[in-house]
Amino acid sequence: MIGILLGLLAGLLMSVQGVFNTRLMDSSNMWTTNSWVHLTAFITSIVIWFFSGHENLLSIFQVSNKLYLLSGIIGALITFTVIKSISDLGPAYATMLILLAQLVTSCLIEVLGLSAPKKCALNGAN
């Protein structure tokens, strides 16, 4: 049940953030907006980390596949593409296309076995 609620909350927050980012770009530019979004996310993450347990920050570099360390670059590209798609198409149409791409990509990741949890009905999991 918690997973369902958090999934719904994530969708809500992503839609609101996309619109906020697009409106923020109206008074600035793409890469200033993108930098601000990720700087404030970094600060928020550090504050939450500080109050939630102080795990070793450098343990991130112990990840088995170093390719995963590119996720921050992917995050910057996501912010860029969401802002551009919402500014070009509007929030509803852009979100519909974003969700479609997420669903197809997520199912492919599961079907191809590229993620640890295998729960997609397409690969025969229950």
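How much space lies in the second largest pocket? I looked this up first, and found about 350 Å³.

**Ground rules.** I am working on a predicted model, where local features need pLDDT of at least 70, side-chain atom pairs count only at pLDDT 80 or more, and totals for chains, interfaces and linings use all residues. Residues are numbered from 1 along each chain as its sequence is written, and side-chain values use heavy atoms, with hydrogens and water left out.

**Pocket terms.** A pocket, on a 1 Å grid over the protein atoms alone, is an open set of points where a 1.4 Å probe fits, with protein on both sides within 12 Å along at least five of seven lines; lining residues have an atom within 4 Å of a point. I take a volume as the space filled by probe spheres set on the points, with grid points joined across faces, edges and corners. Helices are DSSP runs (H or I, at least four residues), numbered from the N terminus.

**Second largest pocket.** I listed the lining as H38, A41, F42, S45, I46, L57, I60, S71, G72 and G75. I then sorted the lining by type and got five nonpolar, five polar and no charged. For that sorting, Ala, Val, Leu, Ile, Met, Phe, Trp, Tyr, Cys and Pro are nonpolar, Asp, Glu, Lys and Arg are charged, and the others, Gly among them, are polar.

**Largest pocket.** Here I read about 510 Å³ of space. Its lining has 21 residues, and M14, I78, V82, I98 and Q102 lie nearest the centre. I found that α1 (2-26), α3 (71-89) and α4 (91-111) each give at least two lining residues. Which helix supplies the largest share of this lining? It is α3, with eight residues. By type, I noted nine nonpolar, twelve polar and no charged residues.

**Helix α4.** I checked its length: the 21 residues of α4 should span 30 Å at 1.5 Å a residue, and the end C-alpha atoms are 30 Å apart, so the two agree. The expected span is 1.5 Å times one less than the number of residues. Just after α4, I saw that G113 takes a positive phi of about 75°.

**Aromatic pairs.** I searched the whole structure and got two. Rings of Phe, Tyr and Trp (its six-membered ring) pair if their centres lie within 6.5 Å; planes under 30 degrees apart are stacked, over 60 edge-to-face, and the rest tilted. W31 and F80 are stacked, at 5.3 Å centre to centre with 5° between the planes. This pair links distant parts of the chain, with W31 in helix α2 and F80 in helix α3, 49 residues apart. I also looked up accessibility (buried is under 20% relative accessible area, exposed over 50%, partly exposed in between, with a 1.4 Å probe and protein chains only). W31 is partly exposed at 46%, and F80 is partly exposed at 27%.

F50 and F51 make an edge-to-face pair, at 5.2 Å centre to centre with 90° between the planes. F50 is partly exposed at 45%, whereas F51 is exposed at 69%.

**A76.** I placed A76 in helix α3; at 22% relative accessibility, A76 is partly exposed. Leaving out residues up to four places away in sequence, A76 touches W31, N34 and H38, where contact means heavy atoms within 4.5 Å.
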